[in-house]
Amino acid sequence: MKRFFKLTYFLLLITIVSKIAGLIREIALLEHVGISSSLDTFVVIYGICSLLASAVGICVVTNLTPLSRKIEQSEFSTYAMLDGIKTGFIFTTVAWVISFVYVIAVPDEAKSGEQLAIAAIVPATVFFSIIAEYQVAIFLSRNQQTPVISGNIIITLPLIASLLLFNLDITSYAVGLVISFALRTIIFARIAVPIWPNKDIVRLAKSRRSIFSTDLRNTLAGGAAMLSMNLCLLAAVLAANQLDEGEASLVSYGLKIPLLVLTSVWFVFGSRFFSQIISAEGRGAVQKIAKLSRNNAALAISIAALLLFNKGFPEFSSKILNGQKFEILKVLPYSIPLLPVVVFIPIIEMTQRTFATIGQQRKIEAIAFSILIATTGGLAISLYFRSALLILATISVSAVVGALTSLVALRKYSYTKQI
């Protein structure tokens, strides 16, 4: 037990360092480029690419990991790598098309060569991200969490160094981002498949159909709830982009602090929940969700207190920063209305994993539908009143609606099926 807690805290430390490094990278970009139309274009296109990659990643990890128990490890690793390359090409093409359509739709007076360059470069990250998601499935099948968690450090550190040492424009940053994603994929490939298998194993792996061609509906349904939540986040940034210049950047960066908590502290304890739910076949899910939600609520309240203190006593921050003006100080107030997502998005994700484990994909689709309805209604009202504050509220309300729908569905199912 003592060794288990040591391992948990070690993983937590690596995760926090990794995610803080990612936050520093984003802040360095913000300070270097400034809130502008070019940064708006970057955060929108990178958001589109991240949504595609994460949507595929959710489906891959949810549906591919159980396959690792059915076939030999070297065949599974080879299959995952080959399928990852094919899937990566398909979704990268989709990302390029969407990005160019978005940039072409920008009014001529606001269009620039820099925006077209961003649309050409950034979608390449999708290819390497999707391969990395397949590699993550390989690592999780071997119970190897350290490479999964530390991957963000590989992406982040070269970019931070470049922003601090060189006068990079946003196009150069986009090129560096693609190179960093490629570097992570190459390092992961070396760990995932240290020795390329023989021809027989390659032939067996090639003979297997892609997970997206065997049972497409259930594969996509397995990740539908979190996909809807990710769509909500992207739609909010797109809606903010219809307001004044820089609003998309403010909303996107306002999400950074809540998402930092979700992808660091929550990731480690959430990973434990997922492994327990899979091994217990869904039993005890309600109790585990309640326990972890209390922890997340405490985190959200602590962060809210710090942000409100900073807002109420701006002279304190000014004294620490020696009176210097930083762009990030403009963004922090945007994080406060978004803190409920720290509590409610994990509930959605935990419920999704539980229902995917016990084969109740229709329940996941119902949760996804409720999130999409809340998002559509909220953003329509926000655009009518042209209010960034209402856009922020829409994100939090959509997370609350999704979480409540999740708990109702889980509660009903627990009574009839005895989870």
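This is a predicted model: local features need pLDDT of at least 70, side-chain atom pairs count only at pLDDT 80 or more; totals for chains, interfaces and linings use all residues.

**The end of the chain and its setting**

Reply: The mean pLDDT of the chain is 77, and 67% of the residues reach at least 70. Over residues 415-419, the part you ask about, the pLDDT is below 50, although in the model this stretch still has ten contacts beyond near neighbours in sequence. Among the elements of the chain, helix α19 (residues 361-385) has the highest confidence, with a mean of 92, whereas helix α16 (residues 314-320) has the lowest, at 56.

As for the setting of that stretch, the chain has 419 residues, of which 52% are buried, and its secondary structure consists of 20 helices and zero strands. When contacts between residues at least 6 apart in sequence are considered, 85% of them join residues at least 24 apart.

Two cysteines elsewhere in the chain complete the picture. Cysteine 49 counts as buried because its relative accessibility is 1%, which falls under the 20% cut-off, and cysteine 232 is likewise buried, because its relative accessible area is 1%. Where disulfides are concerned, the count for the model is zero, taking a pair of cysteine sulfur atoms within 2.5 Å as the rule.

Definitions and conventions
Residues are numbered from 1 along each chain as its sequence is written. Side-chain values use heavy atoms; hydrogens and water are left out. Helices (H or I, at least four residues) and strands (E, at least two) are DSSP runs, numbered from the N terminus. Buried means under 20% relative accessible area, exposed over 50%, partly exposed in between (1.4 Å probe, protein chains only). Contact means heavy atoms within 4.5 Å. pLDDT is the predictor's confidence in each residue, from 0 to 100.
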